[in-house]
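User: Please take a close look at a single part of this model, one place where two pieces of the chain meet, and tell me how it sits within the whole.

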Amino acid sequence: MLMHRSAAVKRMLLADILRLCVLVGRERTCHRLLPLIITVLNHRGDWQLRAAFFENLVGIASYVGRESLQHFILPCILQALTDVHELVVEGCIRSLSSLLLLGLLPRQVALPAVQVA
């Protein structure tokens, strides 16, 4: 699925990832799809792909819930705060802000983690 080499295909898939998550269900999303989705952050040469991840992150996080958000997604957010491309960092901050505003990520969890990053 996300193993395809074309970054454009991966960006298209990310644009509609929430529908795929709903299709496969919460359990499969958390255990199989989420680890694959996160691998797009390893594409150091493609900032647009990393930015696309953060454009669609809030929908994924709202679907998988707080536990998966805190254990799997929050570390990705913290790592992206130091990304070399400013638009990836901006997308990361926007996602973090949305997660806080929606109450999906408690401030008492996010603020200490961000201070460490």
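Analyst: Two residues are in contact when they have heavy atoms within 4.5 Å of each other. This is a predicted model, in which local features need pLDDT of at least 70 and side-chain atom pairs count only at pLDDT 80 or more, while totals for chains, interfaces and linings use all residues. Residues are numbered from 1 along each chain, and side-chain values use heavy atoms, leaving out hydrogens and water.

The protein chain has 8 helices and 0 strands (DSSP runs of H or I with at least four residues, or of E with at least two, numbered from the N terminus). Among its contacts between residues at least 6 apart in sequence, 61% join residues at least 24 apart.

The part to look at closely is the pairing of helix α1, residues 7–15, with helix α4, residues 47–55, whose axes lie 9 Å apart and pack at an angle of about 10°. That angle makes α1 roughly parallel to α4 (under 35 degrees; over 145 is roughly antiparallel, 65 to 115 roughly perpendicular and the rest oblique). On the α1 side the residues are A7, K10, R11 and L14, and they meet Q48, L49, A52 and F53 of α4. Sorted by type, the residues of this contact of α1 with α4 comprise 5 nonpolar, 1 polar and 2 charged.

Stepping back to the whole, the C-alpha atoms of the protein chain fill a box of roughly 35 × 30 × 20 Å along the principal axes, and of its 117 residues 44% count as buried (under 20% relative accessible area, with exposed over 50% and partly exposed in between, using a 1.4 Å probe and protein chains only).

Notes:
Axes fitted to C-alpha atoms, helices over the stretch in contact; angles between N-to-C directions. Nonpolar A, V, L, I, M, F, W, Y, C, P; charged D, E, K, R; others polar.
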